[in-house]
Amino acid sequence: MDLPIQMLITAVAVPVFGAFLIPIAAKVSVPTRNAFAVLLGLFTFFAAASLMKLVVGGQTASWTLAFPRGFDLILHADMLSVFMASISAFVSAIILIYSLDYISHYDNQTEYYAMVVLFLGSMMGLVFSASLLWMYVFWEMTGFASWRLVGFFRSDKDVAKANKTILVTVFGALCMLVGIIMIYFDYGTLDLRALHGQAISYAAAGFILVGILSKSATLPFSTWLPDAGVAPSTVTSLLHAAVLVKIGVYAYARIFGVTFAAPDGFSTAVLYIAGASALVSAGAALIDTDIKRIIAYSTISQLAFIFLGLASGNKTAFAGALLYILMHSIAKAGLFLCAGIIEQNAHTKDINQMGGLFSSMPVTGAAFALCSLSVMGIPPFGGFFSKFMVFSGAAQNGNLPVLLMFLAGAVMTLLYLVRLFYKIFLGEPGGHGNPKEGSYTMVASVMALALIGLALGALIYYPSAYTELLTNNLGVNLQ
Amino acid sequence: MDKGLLAYLLIPLLSAVIIPFAARTRPKMADILANVTLLAGLANLLWLALRPSMIAGGFADIPGDGLSLLLVAAVYLVGLCVTFFSAYFIEEGLPNRPAYYSLLLVSVAAMTGVVTTTDFFTLYVFIEVLAVTSFALITTDDSSAGIEGALKYFFLTFPASVLIIVGIAILMMTLGSLSYENLRLFMASDAPAGPVTFASALIMLGFIVKSGVVPFHTWTPDAYQGAYAPVSAHLAGIVTKISGVYAIIKLATLLRFFDGRAQALSEMLMFLGMLSIAVGALAALKQTNFKRMLAFSSISQIGYIVLAAGLGTPLAIMGAVFHLINHATFKTVLFLNSASLEKSTGTTDMDKLGGMEHSMPWTSWTSIVALLSTAGVPPLSGFWSKLLIILALWESGLRVYAVLALLFSIVTLAYFMMMQKKVFFGKKTPASERVQEVSAPLLAPVVLMSAIIVALGLLFPYFYAYVKVVAERIIL
């Protein structure tokens, strides 16, 4: 077996099966368990990233495990899957490192590490899977892991929110399964490679879209995401910022971007849904007072921008949207992790009780500012380039109402993030608790994410060249 | 009678006779004899079905129609889990301990008879033996709830037996024979089927009552809730499946639903199946007692099997058989866990429980595996069987049924999530203070069953190959 195929298999199998060894590692000692979990995260990242060279060279790698009735498990590394896998695994690894200190004084740590790694493994499986059925299988596995993670604190309220999360996303996933079954009977296969360039019926596309919107917390299925903020900040950044909600946009890119040619009118409908989602959630972010809920609303809003890029139907916008996935994952994970430091040291999530924290936690404040600037899309941060490409592509599409909705959304992004930063770090001290800087690994993690956001802006040539090549090579039906 | 499997009927029967004598001076002998009998039988069956040459050959050499063997194995597996669990569960002073094990073994023998017989009369005899043993088993701890459950079981299932015997009588008069083969040949011919379908419909109705399909479901929650804890696992896990659902699947294949004979019966069966899925799931949402909720969940899951049996295409039969086996595994886990909870806390009222996950982690995690499989969450076994059923429905153009059956999974997930939240998460309640995990022998059966759930999910291609052979043999 070739090395790339081995790497492909290990990138999925090691975290999925490794997750079940974490409870055994925990029997040895706590440091062993923590080290093992971080190693699994890092290993997964390197395995995924090692495929980068292969796919940039224009090759792909596939591995098939035969299942009856055309349900084969197919792992396939192409430019899109490797891109997405590398981002997800990278952010997950950072989050695992940050977790070492962050959750060290809570219950259920072993379960936490096992579930984070299982989530990472399922994510890898989902991203690399070239069979719609196995995408669904891994999709549900991520849902299971997120159920346990959102319910990490076990009060009634937490568990109820966790149940809401899994019920909404599983409902969406079941709708998606209906769509998958339609495709199965229409074409007799679920192999995405064989379905490349086919037309898809409205009904199947609609059912799949329900699944995508529910996983990506887009209107009308958005309410679970702010509620799920009861989870630890590491979880929210893993699930709600960087990785889980990106499953929806990834699936959209995979199914409607590079496999099927979406029917006319479908993309336009998606644009309007996304536009409404961007506006409504940005409005909610402007008035909420819970730091994590604000960032969660901001996530919903930003995801809509990704949908704008993916659904605009031209290459600039599509490449921009993929770039947006990268930039947003890094920056939003940074914001949530900063929120974790703030929450733990200020002992509150209410931004009205904060204020003047910049003097007591300058590094966190700086990282927060850098990440915010990237999310806002201020040059020279990475977020600027992705937002610019998405908007210029959308302008080419020429749908003026949608464009105006998103411009308003972008302005509101600016407003709520400035408001958030001001309320937390500037102004009069709220006098709450005795705030101090977070621990060394935590602060280092957020600073690393912030600086990577800056560096990606400076070196924008490489990621944008990659996404443009990807769009040219794989895109279907793009102008 | 499938003679190759006769030993699996006779040996437990023999043990059942020996137990009262052997246990006269040493009560523990009853436990040992029952467990050894079932373990030996199961080991034997596993060798028969899963020896390497058999797997390599794609199960082509499986004896008989394959279905009997598979179901006998399921009967032995659940029976073994229940007897092993009982050995550590029942109190030392239980006066009728040997009788309890004898009845369990007679019940296993009767179920073996049901699944190996090839004519309706023998089927009826074993179904009645099974009904009498179940009736006696429910009252093991002679509480008033047990008596009530047993009486309800009696009053609802014995009229069903009347329907079955009347149906069999008419079948005898019209067909002149009671063997399965004759019915199959008759249905395959072009002869007008009127009286034969009527007789079959009566028999089918009897078995529908015995399976607890809506609207004849009212006896199951009371019987399961009132029954002695391990007995409810035995009843829900396997007895109602064999005494009702298996016979429905068998009749569906004999009546050739797959080529459109007995169309009205087939449609009625599918409708009742869908109704069961819906009513069972919605009723389960409102329950506060763990065992009652599980009983309604059983009604809902049986609905899937009946829906598939009513469709009767080869793919649907494969799904039905697979789901029947899966249901035996996950319901046994959940009912045995409810028995463990009852033993540790003295109650199965979900409102009185809470925060059990730290004191009973194994029980909590095995419940999660079983409930996810019931709700059809991949990659566990329940997902694949449900998928097969839904594909079969879709393939036959019954898209509304397919989508409804799929979407009711979310209701299944919802009531189980509520259960998990009330029982295992949340704050500790007075009833769950100072509770400890039950002993390892009580956990062994549920851990084994959970492992089977995961294994059947991951090894789906092998199991699929097996049920494919079964479907080919019983349908063609």
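Which residues in α1(B) meet which residues in α2(B)?

## Helix pair α1 and α2 of chain B

In this predicted model, the α1(B) side of the contact consists of B:Y8, B:I11, B:P12, B:S15, B:I18, B:I19 and B:A22. Their partners in α2(B) are B:M29, B:A30, B:L33, B:A34, B:T37 and B:G41. Sorted by class, the contact of α1(B) with α2(B) has 10 nonpolar and 3 polar residues, and no charged residues.

Two packed helices are described by the angle between their axes and the distance between the axes. Helix α1 of chain B covers residues 6-22 and helix α2 of chain B covers residues 28-50; their axes come within 9 Å and cross at roughly 170 degrees. Angles over 145 degrees count as roughly antiparallel, so α1(B) is roughly antiparallel to α2(B).

## Helix α4 of chain B

Helix α4 of chain B runs over residues 67-89, which is 23 residues. From its first C-alpha to its last, α4(B) reaches 32 Å, close to the 33 Å expected at 1.5 Å a residue. The helix α4(B) is mostly covered, with 21 of its 23 residues buried.

## Contact between chains A and B

Between the two chains, 22 residues of chain A are in contact with 21 residues of chain B. On the side of chain A that touches chain B, the elements giving two or more residues are α6 (132-150) and α7 (156-187) of chain A. The most comes from α7(A), with 13 residues.

By class, this side of chain A has 17 nonpolar residues, 2 polar and 3 charged.

Methods
Residues are numbered from 1 along each chain as its sequence is written. Chains are lettered from A and ligands numbered from 1 in the order in which they are written. This is a predicted model: local features need pLDDT of at least 70, side-chain atom pairs count only at pLDDT 80 or more; totals for chains, interfaces and linings use all residues. Helices (H or I, at least four residues) and strands (E, at least two) are DSSP runs, numbered from the N terminus. The expected span of a helix is 1.5 Å times one less than its number of residues. A residue is buried if 20 or more other C-beta atoms lie within 10 Å of its own, exposed if 12 or fewer, and partly exposed in between; C-beta atoms are placed from the backbone. Two residues are in contact if their C-beta atoms, placed from the backbone, lie within 7 Å. Ala, Val, Leu, Ile, Met, Phe, Trp, Tyr, Cys and Pro count as nonpolar, Asp, Glu, Lys and Arg as charged, and the others, Gly among them, as polar. Axes are lines fitted to C-alpha atoms, for helices over the stretch in contact, and angles run from 0 to 180 degrees between N-to-C directions. Angles under 35 degrees count as roughly parallel, over 145 as roughly antiparallel, 65 to 115 as roughly perpendicular and the rest as oblique.
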